[in-house]
Amino acid sequence: MREKLLYTAQVKALIDKVAGLDNAEGDQRLKKIVARVVTDLMQTIEDFDVSPTEFWAAASYLEKVGMSHEMGLLIPGLGLEHFLDLRMDQEERAAGLIGGTPRTIEGPLYIEGAPLSKGEARLDQDPETGEVLFMDGQVKDAAGKPVAGAIVDVWHANTAGWYSHFDQSQTPFNLRRRIETDEDGRYKFRSMLPAGYGVPPDGPTNELLAAIGRHGKRPAHIHFFVSAPGYRKLTTQINIDGDPLLHDDFAFATRDELIPAITHHTDPAEINARGLNEPFATITFDFTMHKEAADLPKAVVERAHAA
Ligand code: MBD
Ligand code: FE
């Protein structure tokens, strides 16, 4: 057995200097975190006898993740975005908040400023072939009272699994809308059922996932931010039931309460009544929000978005 360098006075002194723990300047909490992260990395190197060649490969890997703008994919792929959700859930439970629509990860593909309309919207603006989706529901508070004037900010992939803005072939804000709930707290929209998503096959996220025997796919889903004055912002998604990857999401976002029933309508009279020529799908899903209060943990997650 080689001596553990990490426990020597020399390396302990090195870490203290690295993290600025030997001076009085700077942010005390940050110093401790830097010391911990560097220590844990050194420990990994030592425990797994990571060679310098392997280490530099890891460093260029991380550089590639940043240069490919894939931090937002690697983090959910490593379960860290879901872990942050679990921690927020835990904090809320400790503060006595229970029930309500569960949160699940935001993901990296939200764009601010989608068109805003009252009560209803049509999300699909680019022509596509696929199944038309009508989704509706009510935003309520924990007592079941409708929340009028809530903003349902919805975004999802197209029938090929791509998101507008990131996919330049779509028009701006395709499949992205903000809908203000009506006086009964209701929202509804027409769209196209999305396909599941896959990380870029040639990108660094997929490179790591493939190397550890994983895939980089998500089951079909629809994202939501639901917000209203006096209520805690809700970040969530619904899954499209029946997707084979429903419980095999590379981003770990599926939650049982977020898989609403989907009805596929094939009756010609119903199809005709909707002004369509093909079978269509309907989903009804209500969102339950919690009232905001001063002593609760922060509900809003600040995060940089692509623009
Ligand atoms: C997505 O659509 C998504 O929601 C997440 C979390 C990661 C990658 C693509
Ligand atoms: Fe998504």
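How far apart do the C-alpha centres of domain 1 and domain 2 lie? In this predicted model, the two centres are 37 Å apart. Domain 1 covers residues 5-73 and domain 2 covers residues 79-289, with bounds that come from an automatic or database domain assignment. Residues are numbered from 1 along each chain as its sequence is written, while chains are lettered from A and ligands numbered from 1 in the order in which they are written. Local features need pLDDT of at least 70 and side-chain atom pairs count only at pLDDT 80 or more, whereas totals for chains, interfaces and linings use all residues.

The two domains do touch: seven residues from domain 1 and five residues from domain 2 take part in the contact (two residues are in contact if their C-beta atoms, placed from the backbone, lie within 7 Å). On the side of domain 1 that touches domain 2, α3 (52-67) and α4 (71-77) each supply at least two residues. Helices here are DSSP runs of H or I with at least four residues, strands are runs of E with at least two, and both are numbered from the N terminus. The largest share of this side, three residues, comes from α3.

The next helix to consider is α6 (residues 204-211), in which Pro 204, Thr 205, Asn 206 and Leu 209 are buried. A residue is buried if 20 or more other C-beta atoms lie within 10 Å of its own, exposed if 12 or fewer, and partly exposed in between, with C-beta atoms placed from the backbone. The buried residues of α6 pack against α3 and α4. After α6 comes Gly 213, with a positive phi near 75°.

Strand β4 (residues 151-156) has five of its six residues buried, so it is largely enclosed by the rest of the structure. Which strands does β4 pair with? One is β5 (residues 176-180), joined in the antiparallel sense over five bridges, where Val 154 stands opposite Arg 177. Another is β9 (residues 221-227), also antiparallel, over six bridges, and there Asp 153 has Phe 225 as its bridge partner. Two strands pair if DSSP finds at least two bridges between them.

The largest nonpolar core has 30 residues, and Val 139, Val 152, Val 154, Phe 189, Val 226 and Met 289 have the most contacts inside it. Such a core is a set of buried Ala, Val, Leu, Ile, Met, Phe, Trp, Tyr and Cys residues joined through C-beta atoms within 7 Å. Elements that give two or more residues to this core include β3 (132-141), β4 and β9, and β3 gives the most, with four residues. Leaving aside neighbours within four places in sequence, Val 226 is in contact with Val 139, Ala 150, Val 152, Leu 234, Phe 287 and Met 289.

Finally, ligand 1 is surrounded by Leu 73, Pro 76, Ile 105, Gly 107, Pro 108, Leu 109, Tyr 197, Arg 218 and Ala 251, where a residue is near a molecule if its C-beta atom, placed from the backbone, lies within 6 Å of it. This shell divides into seven nonpolar residues, one polar and one charged.

Technical notes: Ala, Val, Leu, Ile, Met, Phe, Trp, Tyr, Cys and Pro count as nonpolar, Asp, Glu, Lys and Arg as charged, and the others, Gly among them, as polar.
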